[in-house]
Amino acid sequence: MARPYRSVLYIPAANARAMEKAQTLPADAIIFDLEDAVAPAEKAAARNALAAALANDYGPRARIVRINGLATEWGPDDARFCASLRADAVLIPKVDSAADLDRVAALIPDTPLWAMMETPLGMLNAAQIAAHPRLEGMVMGTNDLAKELNSRFRPDRLPMLAGLGLCLLAAKAHGKVIVDGVFNAFKDDEGLRAECAQGRDMGFDGKTLIHPAQLAIANEAFAPTDAEIDLARRQIDAFRAAEAEGKGVAVVDGRIVENLHVETARKTLDRAKAIAAMAG
Ligand SMILES: CC(C)(COP(=O)(O)OP(=O)(O)OC[C@H]1O[C@@H](n2cnc3c(N)ncnc32)[C@H](O)[C@@H]1OP(=O)(O)O)[C@@H](O)C(=O)NCCC(=O)NCCSC(=O)C[C@H](O)C(=O)O
Ligand SMILES: [Mg+2]
């Protein structure tokens, strides 16, 4: 992973103050939202505010712009606007199939694309969406998915697990970034911490967030712990020593270490390095 996506903060592009504030917030990435967080009457003004904001310096934070769907009255203008914008990626909402990506790719020839995974059809077509050559990342849209499923919000996210799993498998199969959905109760730190831990355990790269108060929790949850970094170093050293003795297996803390574990250990160290680089 070239850069971390532990914390991916949504900001309504109509909110100039929040966009200014984000230049110094400890977010790995920012989603400047032209879609659901912007009222219909503010769509055009939000585009102008966003163009002005993106002239500013967001440092190492990835700048992702979420457009409206092409089938809406604002989508085509958003796409044309993004074609001339210096953003790191364009995020397309409610992607049902790879054909949805083709349509946006034709209007935005250069910028990497990301897909909101938030419809039942999108879940079922996750593999073809993840395989799209212009796609760089996926974002779970668990609010829209819950709406489409008519499911209830539960702390264990049982109704979401099939969709989360399908998208994770698709993203990992094609080497794409995948970020978990938002936690709506932005004043409930314990609830957020538990949901971040679940997302990290499942294999997500990070979590989308709606408020700056959520950043520290996500950054901690999706970073390797000191214990994981220490273990990774010891596994690499032990395996190297075993190899020097002509063995293919080492033992660390009573557990076997093989080639595949060394690969995971190297990824852990790379991830820690990328996170340290974010801090400057
Ligand atoms: C949820 C909010 C409406 C709360 O706003 P507010 O009441 O203004 O919060 P605070 O007073 O606590 O704000 C304190 C300061 O922090 C700044 N702030 C607030 N939110 C953000 C933000 N997202 N990014 C950057 N800065 C932010 C305020 O400006 C205050 O600053 P200061 O003036 O210095 O005190 C609000 O947080 C909000 O609008 N959040 C984003 C909502 C959003 O983007 N929703 C759409 C994305 S979620 C989604 O669509 C998911 C998906 O599609 C799905 O289907 O699941
Ligand atoms: Mg949504």
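## Getting oriented

Helices (H or I, at least four residues) and strands (E, at least two) are DSSP runs, numbered from the N terminus. With that in hand, you can find Asp 28 in the loop between helix H1 (16–21) and strand S2 (29–33).

A quick word on the ground rules: this is a predicted model, where local features need pLDDT of at least 70 and side-chain atom pairs count only at pLDDT 80 or more. Residues are numbered from 1 along each chain as its sequence is written, and side-chain values use heavy atoms, with hydrogens and water left out.

## A closer look at Asp 28

Is Asp 28 buried or exposed? It's buried, at a relative accessible area of 1%; buried means under 20%, exposed over 50%, and partly exposed in between (1.4 Å probe, protein chains only). Its contacts (heavy atoms within 4.5 Å) include Arg 3, Tyr 5, Pro 60 and Met 278.

## Salt bridges

Side chains of opposite charge can pair when their charged atoms come close. The whole structure has 23 salt bridges, each a side-chain nitrogen of Lys or Arg within 4 Å of a carboxyl oxygen of Asp or Glu.

One of them joins Arg 66 and Glu 35, with the closest N and O atoms 3.4 Å apart. Arg 66 sits in strand S3 (residues 62–66) and Glu 35 in the loop between S2 and helix H2 (43–53), so this pair ties together parts 31 residues apart in sequence. Both residues, Arg 66 and Glu 35, are buried. They also belong to a salt-bridge network with Asp 33, Asp 36, Lys 94 and Asp 144.

Terms used: Chains are lettered from A and ligands numbered from 1 in the order in which they are written. Lists of a residue's contacts leave out its neighbours within four places in sequence.
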